[in-house]
Amino acid sequence: MERLAGRIILLSGVSRTFVGFLAGLLAVLAQPPFGIFAAAFVSFPVLVWLIDGVAPDPGDGVLRRLMPPAAIGWSFGFGYFLGGLWWLGNALLVEADAFAWALPLTVVGLPAVLGLFYALAVVIARSLWSDGWGRIAALALGFGIAEWLRGFLFTGFPWNAIGYAAMPMPLMMQSASVVNLSTINMLAVFVFAAPALIWTGKGARAGLAIAAALFVAHVAFGFYRLAQPAPVPLQPEMTVRVVQPVIDQAKKLDDRERASIFEDHLSLTAAPVQDGAKRPDIVVWPETSIPFILTDNPDALARIADVLQDGQVLVAGAVRVEDAGAGLPPRYYNSVYVIDDRGQIVGAADKVHLVPFGEYLPFEDLLTSWGLSSVAASMPGGFSAASTRPMLTLPGGRRIYPMICYEAIFADEVDGNARLADALLNITNDAWFGDTPGPRQHFHQAQLRAVETGTPMIRAANTGISAVVDARGVLVLVLGYNYRGVLDTILPGKLPTLTNVATRSQIFWLTMGILLLVAVISRLGFNIGKN
């Protein structure tokens, strides 16, 4: 292994870039649907050794000195995001005649852009590089900054953040109830990169001991938390039915299929419960499951009232329209409705964080003049974003915190109100992406929101994965991808968490400060030793 490390360190040019790409590609195996977190213990040491081999000429200018580490970081990121996000292209093939031309931009262009974040991570790390375990701290710091920025720059896209690789199962998810994802990103990189010290690092004992302690604490806390009694359902108990209709996206876009799609949802809603199960109190349909403007179709509300039994409530995804005023086109919102047993809409919430190019077109005037359109181009101007995320209050007083589609991947946007809810709600339509890693990755990230908030989650997906998840991230019931049916279960209770949103933010900045201090001290010692 020492010989292999030496060979990687001595690589240069195209060979070094290609190995960086392969290391990033390997790291994807740590994410769903594979969940082989051990892959990260190989890919990150390789990245460390590649950075070890960078030796810029002291006479070079700043830009020339930055290019080699930036190239390593970018190639690692390009491999990671290409291997992890290729399935996004499937959404463009649903209407291939209109959007297939954009396939290279999505499948290759997006990973190339996202790779710039990891280029920045390695540039930051290389500026603090040393020959001891401090360089592992520098790498963790660089990735911590890069992943933090990726969460909000250009509307944010924190998909497959490195920290998720350290949380492949509920046993390894419980740390998310104490520290936020940004902190886990940094600590995960530190632990994943630590094996590089065995063959190429001074102070290997200290670095490996700290990494081992972090890993053991991470797993031990998971054992401890899962060994505690399961959350007790709130009283009075609430039984939930999650509907998974499995409707092909091409069919959803066909206007002639609207009536049959609606009836599919109604028939699943009215399906009898299994022997011994309680009648559902709340029925949940996926994102945009109502295939028309509900407020323009009173007959549809009457049909819902016919199917719902006394006291039952329907929570369903739909497109909501709002009059914008005289002479202006109406505004459309990706929304969730609460409908009671009399067919009355008693609550609604609109999506706050829209998908660029999917639900709206950034720089619309400019890009439409170039002939571009969003996937939601059937609605003039696409969707509008809500300014706030209201809690949904059900008849009887139960409160639900709504997240529509990929809003569930933004850990930092799940505010303190989520802890006041009786349940989190994530409705989505992953039929756009077919039977690919995408729906599995999406579900895994949503699952972590339950652990972070100590609040159970109800998740309804058109084609899967639908589930009820308890406050520890444990699956109560689940319907896998492409399984048509319903889930009936009692809603689990909540669990207290040791920290709140503000405290976790403070821990993040404190951890970043500690890593910076370690990296700077190590770098200063390295410079003194050289001189």
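In the predicted model, the bridge partner of Thr-428 in strand β9 is Ala-461. This pair belongs to the contact between strand β8 (residues 423-428) and β9, two strands that run parallel and are joined by 5 bridges. Strand β9 (residues 457-461) is largely enclosed by the rest of the structure, because 5 of its 5 residues are buried. Burial extends to both faces of β9, with Met-457, Arg-459 and Ala-461 covered on one side and Ile-458 and Ala-460 covered on the other.

A further set of 6 strands forms an open sheet of mixed pairing, in the order β5-β4-β3-β2-β1-β12. Its edges are formed by β5 (345-350) and β12 (485-490), each of which pairs on one side only, and the twist from one strand to the next averages 30°. Within this sheet, strand β3 (residues 313-322) and strand β4 (residues 331-339) are paired in the antiparallel sense over 9 bridges, and Leu-314 stands opposite Ile-339 in β4.

Helix α13 lies across β1 (239-244), β2 (282-284) and β12, and runs at about 145° to β1. The axes of α13 (residues 258-269) and helix α14 (residues 298-307) come within 10 Å and cross at roughly 20°; the two helices are therefore roughly parallel to each other, the cut-off for this description being an angle under 35 degrees. The crossing in which α13 passes α14 is right-handed. Phe-262, Glu-263, Leu-266 and Thr-269 of α13 make the contact with Ala-300, Arg-303, Ile-304 and Val-307 of α14, and by class this contact has 5 nonpolar, 1 polar and 2 charged residues.

Definitions and conventions. Residues numbered from 1 in each chain as written. Predicted model: local features only at pLDDT ≥ 70, side-chain atom pairs only at ≥ 80, totals over all residues. Heavy atoms only, no water. Axes fitted to C-alpha atoms, helices over the stretch in contact; angles between N-to-C directions. Helix = DSSP H or I, 4+ residues; strand = E, 2+ residues; numbered from the N terminus. Parallel < 35°, antiparallel > 145°, perpendicular 65-115°, else oblique. Left-handed = near helix turned anticlockwise from the far one by under 90°. Contact = heavy atoms within 4.5 Å. Nonpolar A, V, L, I, M, F, W, Y, C, P; charged D, E, K, R; others polar. Buried < 20%, exposed > 50% of the residue type's maximum accessible area, 1.4 Å probe, protein only. Pairing = 2+ DSSP bridges.
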